[in-house]
Amino acid sequence: MENALGEAQTIVVLGGTSEIGRAIADRLVTPSTRTVVLAGRRPTEMRVEELEEPGVVVVATPFDATDVAGHDAFVRRLVVDHGDLDVVVVAFGELADQAELDHDVERAAALIAVNYTGAVTVSLAVAAQFRRQGHGKLVVLSSVAGERVRKGNFVYGSSKAGLDGFAQGLGDSLAGTGASVLVVRPGFVHSRMTEGMKAAPFATTPSKVAAATVKALRRGSRTVWVPGTLRPVFSVFRHLPGAVWRRLPLG
Amino acid sequence: MTGRTLLTGWGRTAPSAAEVIVHSSRNTAALAGSVTSMPPRGGIPRGLGRSYGDPAQNGGGVVLRLQDDADETVVDRTSATATVPAGVSLDDLLDVIVPSGFFVPVTPGTRFVTIGGAIASDIHGKNHHVDGSFGSNVLRMSMMLADGSVVETSPGERPELFWATIGGMGLTGLVLDATIRLLPIETSQLAVDTDRVPDLDTLLTTMEESDRYFRYSVAWIDPMARGAHLGRSVLTRAEHATVDQLLPRDAVEPLAYAPGQRLRVPPIVPARGVINHWTIKAFNEIWYRKSPRRAVGRIHSIPAFFHPLDMVGAWNRLYGRIGFLQYQLLVPFGQEAALREVLERLAASGAPSFLSVLKRFGSANPAPLSFPAPGWTLTVDVPGATRGLSALFHTLDALVLDAGGRHYFAKDGHTTPAAIERGYPRLTEWRATRDTVDPGGAWASDLSRRLRLTG
């Protein structure tokens with residue numbers, strides 16, 4: 001159970017190797033925290049010691065975003081092992097070169113299966129648990145790439161657009177249940193996932209995304225843009241005529 | 001999943017949703033039906049929700065409310081006792097008993113608490129140094145246990161259950177009614193002495209030396225005053241007034257009692273609240289300066305002396321959407337240095353805090369989870385949005401626990417299971433009693449899960 005300061009006792013990161021997810025967990029840890037669960041395909045690569053602090057148990061556990069049939073059992077298992085889930089961060093996701101996806105439909109389908117389908121099904125399972133326990137906060141890592149999808153990464157962008165819409169709707173559906181959803185929309189984030197890519201304007205870092213996310217959680221916000229300037233920028237982008245949008249040098 | 005209500009404590013923090021079930025405490029058949037069919041998340045009784053944190057909420061489970069009529073109270077004038085249904089509030093009870101010349105044995109700073117809640121939190125008031133806590137004035141009670149059975153408890157009958165229920169935060173069973181001591185009064189007024197006290201040392205000495213001459217004694221400290229002004233306060237001490245002390249026009253109806261609400265905070269306060277460093281600093285300054293340097297025997301009404309905040313309805317809204325926390329600590333006598341350090345750290349933090357209260361406790365009762373014990377108790381309100389509040393509270397926790405002190409469940413919103421185990425060394429004993437009356441864990445709350453009270 002979260003305390004009156006909004007401090008979580010149990011934190012779960014789905015996508016336990018995600019730098020953003022880990023940075024969020026790191027910032028959420030307080031003297032009230034008991035457990036941090038890092039869940040992902042490769043539990044042995046989670047480096048649990050990085051998040052360990054006195055009094056906090058950090059666990060790495062296997063989780064497969066594409067095993068949609070197993071998501072509900074996975075969430076129930078977490079509760080049996082660790083009690084109520086206070087904050088769950090959906091941080092997993094894949095990024096791929098659009099040019100490759102143009103000719104590899106199976107890779108495109110696999111990306112959608114992780115970024116959208118898997119995120120949806122596990123979020124539904126988490127939401128069901130939140131209803132059972134009468135409280136809980138779900139953090140969904142969306143992206144500005146979904147706000148207006150661009151030609152340079154439209155498969156990835158569309159997966160985030162879908163997820164963003166889903167997460168907003170889920171948040172609305174949870175009103176009055178004690179549970180809530182925070183949608184995080186970072187811009188370009190310097191991380192392993194984007195290594196070697198040309199940084200877009202307003203680029204940010206996992207630690208800045210984490211700081212903004214934790215602040216938004218404490219305030220009870222439903223969405224947060226990182227950096228905050230991207231919100232007005234994208235409200236302009238959203239309304240640009242298509243002819244202008246596709247000519248913008250955004251890659 | 002249907003019919004869930006989002007509940008918080010008075011601090012309006014950490015909401016959770018539960019199914020709220022309402023019965024009269026007289027309807028034991030219906031109550032037994034609800035109690036014996038608790039969902040996996042269990043149930044918890046809730047009075048008027050005046051605890052600050054999460055003891056009267058139970059996410060995903062049941063919250064049981066008793067709706068009782070104060071007219072069902074039975075007052076025994078010869079023994080000066082009253083048998084009261086647990087869902088009756090002190091507010092309603094006072095309406096019944098004050099005009100007939102009695103007062104409640106203990107009242108907290110609000111009269112909007114139920115008898116059941118007063119027992120579960122083992123509340124205290126300004127007379128603790130003389131009369132003890134509320135539980136010390138309960139002669140007997142009837143309870144419904146997790147198996148739906150109704151049992152009698154008193155200090156002589158099932159004493160373990162009786163004392164485990166006093167201060168037991170509703171986790172041992174449902175109190176149905178209780179017989180409590182009443183205090184005979186001649187008038188509904190109080191004769192109040194007020195003294196402005198310049199600093200902490202003077203305050204502690206004055207309280208130590210002269211508390212015993214007054215039934216009621218409490219100091220209001222300005223927690224933002226620093227340096228030489230640290231602990232500057234207004235000490236108020238009082239007795240129930242006799243008829244002779246009243247003005248002739250008030251002596252005509254000496255027991256007249258008409259508490260009222262003068263205004264109510266509307267639900268449209270800005271999200272950040274209106275309570276911040278500057279508004280509170282100004283408030284504390286004005287309030288200290290407007291208090292008389294010394295006044296003796298001034299006549300105050302019951303609401304003005306005991307329940308000044310009740311005159312403003314829903315004042316908790318002033319803190320905005322994020323709500324606020326109340327930090328109440330106890331340090332034993334001899335640990336005044338720790339008390340001073342707590343005040344110094346609070347003042348140095350710049351946390352906007354008003355209405356801090358210092359009270360000297362008398363002796364403890366036998367209840368294992370009762371908060372009051374010989375020592376000093378300090379109570380501070382702080383907005384939840386205060387920067388660095390978590391670190392500050394955890395620092396204060398360490399000071400309090402190292403001094404052999406503890407925290408009050410009815411106010412807590414932030415401590416940890418470890419802090420509770422240190423502060424309440426008899427927790428294991430309490431758990432053992434609880435396990436005998438609730439082996440299946442039918443009673444549970446957000447507080448019990450957060451602090452792992454039930455093991």
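Analyst: Chain B holds 13 helices and 21 strands. The model is predicted. For 455 residues, a compact globule would have a radius of gyration near 23 Å, and chain B agrees with its 21 Å. Its C-alpha trace spans about 60 × 55 × 45 Å along the principal axes. Of the 455 residues in chain B, 52% are buried. Take the contacts in chain B with a separation of 6 or more: residues 24 or more positions apart account for 75% of them.

S13 runs antiparallel to strand S19 (residues 356–361) of chain B, and three bridges join the two. One pair to find on screen is Ala219(B), which stands opposite Leu358(B) of S19(B).

S19(B) also pairs with S20(B). That pairing is antiparallel too, over five bridges. Here Arg360(B) is the residue to look for: it stands opposite Trp376(B) in S20(B).

On to strand S20 (residues 375–383) of chain B. Is this strand enclosed or open to the outside? A residue counts as buried if 20 or more other C-beta atoms lie within 10 Å of its own. Nine of the nine residues of S20(B) are buried, so the strand is largely enclosed by the rest of the structure. Strand S18 (residues 324–332) of chain B pairs with S20(B) in the antiparallel sense, over nine bridges. In that pairing, Tyr327(B) has Val380(B) of S20(B) as its bridge partner.

Chain B also has a helix pair to inspect. Helix H9 (residues 336–349) and helix H10 (residues 389–402) of chain B pack at an angle of about 170°, with their axes 10 Å apart. H9(B) and H10(B) are therefore roughly antiparallel to each other. From H9(B), the contact takes in Ala338(B), Glu341(B), Val342(B), Arg345(B) and Ser349(B). From H10(B), it takes in Leu392(B), Thr395(B), Leu396(B), Leu399(B) and Val400(B). By class, this contact has six nonpolar, two polar and two charged residues.

Now chain A, for comparison. Its secondary structure comes to eight helices and seven strands. The radius of gyration of chain A is 18 Å, close to the 18 Å that the globule rule gives for 251 residues, so chain A is as compact as a globular protein of that length. Its C-alpha atoms fill a box of roughly 55 × 35 × 35 Å along the principal axes. Buried residues make up 47% of the 251 residues in chain A.

Chain A has an open sheet of seven strands, and its pairing is parallel. The order reads S3-S2-S1-S4-S5-S6-S7. Strand S3 (57–62) and strand S7 (223–226) of chain A stand at the edges; each has a single partner strand, so one side of each lacks a neighbour in the sheet. Neighbouring strands of this sheet are turned by 15° against each other on average, direction ignored. Inside it, strand S5 (residues 136–141) and strand S6 (residues 179–186) of chain A run parallel, joined by six bridges. Gly136(A) has Ala179(A) in S6(A) as its bridge partner. Helix H1 (residues 19–28) of chain A packs on the sheet. H1 touches strand S1 (10–14), strand S2 (35–40), strand S4 (87–90) and S5 of chain A. Its direction makes about 175° with that of S1(A).

One residue of chain A is worth a stop. Phe237(A) lies in helix H7 (residues 230–238) of chain A. Phe237(A) has 17 C-beta neighbours inside 10 Å, so it counts as partly exposed. Leaving aside neighbours within four places in sequence, Phe237(A) is in contact with Arg148(A) and Trp245(A).

Last, the two chains together. In the interface, 20 residues of chain A are in contact with 26 residues of chain B. On the chain A side, the residues divide into four nonpolar, eleven polar and five charged.

Technical notes. Residues are numbered from 1 along each chain as its sequence is written. Chains are lettered from A and ligands numbered from 1 in the order in which they are written. This is a predicted model: local features need pLDDT of at least 70, side-chain atom pairs count only at pLDDT 80 or more; totals for chains, interfaces and linings use all residues. Two residues are in contact if their C-beta atoms, placed from the backbone, lie within 7 Å. Ala, Val, Leu, Ile, Met, Phe, Trp, Tyr, Cys and Pro count as nonpolar, Asp, Glu, Lys and Arg as charged, and the others, Gly among them, as polar. Helices (H or I, at least four residues) and strands (E, at least two) are DSSP runs, numbered from the N terminus. The radius of gyration is taken over C-alpha atoms; the globule rule is 2.2 Å times the number of residues to the power 0.38. A residue is buried if 20 or more other C-beta atoms lie within 10 Å of its own, exposed if 12 or fewer, and partly exposed in between; C-beta atoms are placed from the backbone. Two strands pair if DSSP finds at least two bridges between them. Axes are lines fitted to C-alpha atoms, for helices over the stretch in contact, and angles run from 0 to 180 degrees between N-to-C directions. Angles under 35 degrees count as roughly parallel, over 145 as roughly antiparallel, 65 to 115 as roughly perpendicular and the rest as oblique.
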